[in-house]
Amino acid sequence: MWTVPVRSTEDVRTRPAARPSVAGPAGPKEPRRGGDGSGTAVITRPKTLTKRPSMYRVLLLNDDYTPQEFVVEVLRIYFNKGADDANRIMLHVHHHGVGECGVFTYEVAETKVTQVMDFARKHQHPLQCIMEKK
């Protein structure tokens, strides 16, 4: 059998009265009591806003010495481009002097630029790869 404890009116009168909440510059010091006497409190936390990372464009620059097939190979290996996309970007670089390979966060863009430049130097090509903030 279940028994429910019952408060007597004497317990209520002998308890100290709840102090009103005092809010300072750092927020409430004590949770506010609900108006219905239930002892519940509502505490709100400020939302933390997260900022999206800055994005960087990775660009290939045209030169007169790097073979077009090598540029296509770079685009396929380091930027995961298909044959059609790699050829289209390579021709854009060839005709306009510069072409975008992709847009990445700073760390990824920096890594790709370094990888492309190392690969080009290893194969003795003067291909230039740079990054710029979008």
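## Histidine 125

Apart from its neighbours within four places in sequence, histidine 125 is in contact (heavy atoms within 4.5 Å) with Thr66, Pro67, Phe70 and Ala120. This is a predicted model, in which local features need pLDDT of at least 70 and side-chain atom pairs count only at pLDDT 80 or more, while totals for chains, interfaces and linings use all residues. Residues are numbered from 1 along each chain as its sequence is written, and side-chain values use heavy atoms, with hydrogens and water left out.

Histidine 125 lies in the loop between helix H4 (106–122) and strand S5 (128–133); helices (H or I, at least four residues) and strands (E, at least two) are DSSP runs, numbered from the N terminus. Its relative accessible area is 17%, so histidine 125 is buried (under 20%; exposed is over 50% and partly exposed in between, with a 1.4 Å probe and protein chains only).

## Helices H2 and H4

The axes of H2 (residues 68–78) and H4 come within 11 Å and cross at roughly 140 degrees. H2 is therefore oblique to H4 (angles under 35 degrees count as roughly parallel, over 145 as roughly antiparallel, 65 to 115 as roughly perpendicular and the rest as oblique). Axes are lines fitted to C-alpha atoms, for helices over the stretch in contact, with angles from 0 to 180 degrees between N-to-C directions.

On the H2 side, the contact is made by Phe70, Glu73, Val74, Ile77 and Tyr78; H4 contributes Lys112, Gln115, Val116, Phe119 and Ala120.

## Histidine 96

Histidine 96 is in helix H3 (residues 83–96) and is exposed, at 57% relative accessibility. Its C-alpha atom is separated by 9.2 Å from that of leucine 61, 35 residues apart along the chain.
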